[in-house]
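Let's take a look around this one together. We'll stop at a pair of helices and then at a sheet.

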Amino acid sequence: MSIITNQPAKIGSYSEDDVLFLLKDLSDIKLEDSTVNREMKIQSGQHYSESLPIEYQPPKEYVDLFWSTISEYKRKVALCIGIVAEQIYRLKGKEAILVSLARAGTPVGILIKRYIKSRYRLSLPHYSVSIIRDRGIDENALHYILSKHPDGNIQFVDGWTGKGAISIELTKACQEFGSNQKIILDDTIAVIADPGYCTTLFGTREDFLIPSACLNSTVSGLVSRTVLNNQYIGKHDFHGAKYYRELLSSDVSNEYIEMIAAEFPAIFQEAKGIALQREQEDIKTEFLGMQDVKNIQAEFEIDSTNYIKPGVGETTRVLLRRVPWKILMRDPSSPYVKHILMLAEEKGVEVAAYPEMNYLCMGLIKSVKGTSK
């Protein structure tokens, strides 16, 4: 089958021992557009995966805040990684294949792999693949993985949940793949934080600041968001991405991994205890955040739920690469939103108190189709 002729792209600043990117290297192609132009095209019907935002390069104060955030929350992130890793190990053992969803899932997948290797002396395969809202998962990448590991048991990994769009997309993609290929895939997604109650495999359901959400490619191996543009991606190609070599001097990807991984030995017992406790609990997925989103959509007369991004991680993304209209805050004094307040001030975005929601904050995207919103 021609799709198996694809090979992992040698892109990014991570070691191949940590992750193999099943992506097509589009580094030489100009895919970036200004945030406003790109937003206008997206809101006029172009799919967001056909182009890339220009990578935001933060000021020194923001980078300093990123480092202070890591030193403050590295133990908490390590514990959440450990809880998830212990659950994956107990569920799938040595048959587990970690498949992280590029790009927020990539550092999480690396950390889960590092934890299991450190704790159980087991080196699991780890791939990073593309999934795109409304376009599905990269099936060519799945074929590649299954050809290499016919007896393996795929475990999908992402960073955090928002309102659950990617969880829903993954379930749909796994069902389609299963009916077409007669292969059943586990659509459970493992994340550090699940404030939207979208999965049963999580470190915490608290909406807290995962430091890797603060930056873009410079904490994700210098790999761009994934691209699915028919001009460059053929039927049998992997989805594409760029490698931002020009940002090497700002890259903190491996430093971030090492700082979190250094905390693992101290949390081994606690992580295992919580994972064992979870096995006794009746954990449900309730997609609680969607009700918040629908309430806010009605109250603020917003055209589409796609313009509403709940949670610390998603609000950060709105400020980093979309055209923000307004930020709603449940608690502006929370230590998890300092960087959001800093970004909002830098970009002149209104921050409004909104205590009645499950999430700490929500980012509202501005309508740029000729309305004033």
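How are H2 and H6 oriented to each other?

## Two helices that meet

Keep in mind that this is a predicted model. Helix H2 covers residues 60–92 and helix H6 covers residues 253–261. They pack at an angle of about 45°, and their axes are 8 Å apart. Angles of 65 to 115 degrees count as roughly perpendicular and those under 35 as roughly parallel, so H2 and H6 are oblique to each other. The crossing, where H2 passes H6, is right-handed.

So who's touching whom? On the H2 side you'll find Phe66, Trp67, Ile70, Lys74, Val77 and Ala78, and they meet Glu255, Tyr256, Met259 and Ile260 of H6. Sorted by class, this contact has eight nonpolar residues, two charged ones and no polar ones.

## A four-stranded sheet

Now for the sheet. It's an open one made of four strands, in the order E13-E16-E14-E15, with mixed pairing. Strand E13 (308–310) and strand E15 (350–353) are at the edges with a single partner strand each, so one side of each has no neighbour in the sheet. From one strand to the next, the twist averages 20°.

Zoom in on strand E14 (residues 324–329): it runs parallel to E15, and four bridges join the two. Ile327, for instance, has Val351 in E15 as its bridge partner.

## A helix on the sheet

Helix H10 (residues 338–347) packs on this sheet. H10 touches E14, E15 and strand E16 (361–365), and its direction makes about 150° with that of E14.

Terms used:
Residues are numbered from 1 along each chain as its sequence is written. This is a predicted model: local features need pLDDT of at least 70, side-chain atom pairs count only at pLDDT 80 or more; totals for chains, interfaces and linings use all residues. Side-chain values use heavy atoms; hydrogens and water are left out. Axes are lines fitted to C-alpha atoms, for helices over the stretch in contact, and angles run from 0 to 180 degrees between N-to-C directions. Angles under 35 degrees count as roughly parallel, over 145 as roughly antiparallel, 65 to 115 as roughly perpendicular and the rest as oblique. A crossing is left-handed if the near helix is turned anticlockwise from the far one by less than a right angle, and right-handed if clockwise. Contact means heavy atoms within 4.5 Å. Ala, Val, Leu, Ile, Met, Phe, Trp, Tyr, Cys and Pro count as nonpolar, Asp, Glu, Lys and Arg as charged, and the others, Gly among them, as polar. Two strands pair if DSSP finds at least two bridges between them.
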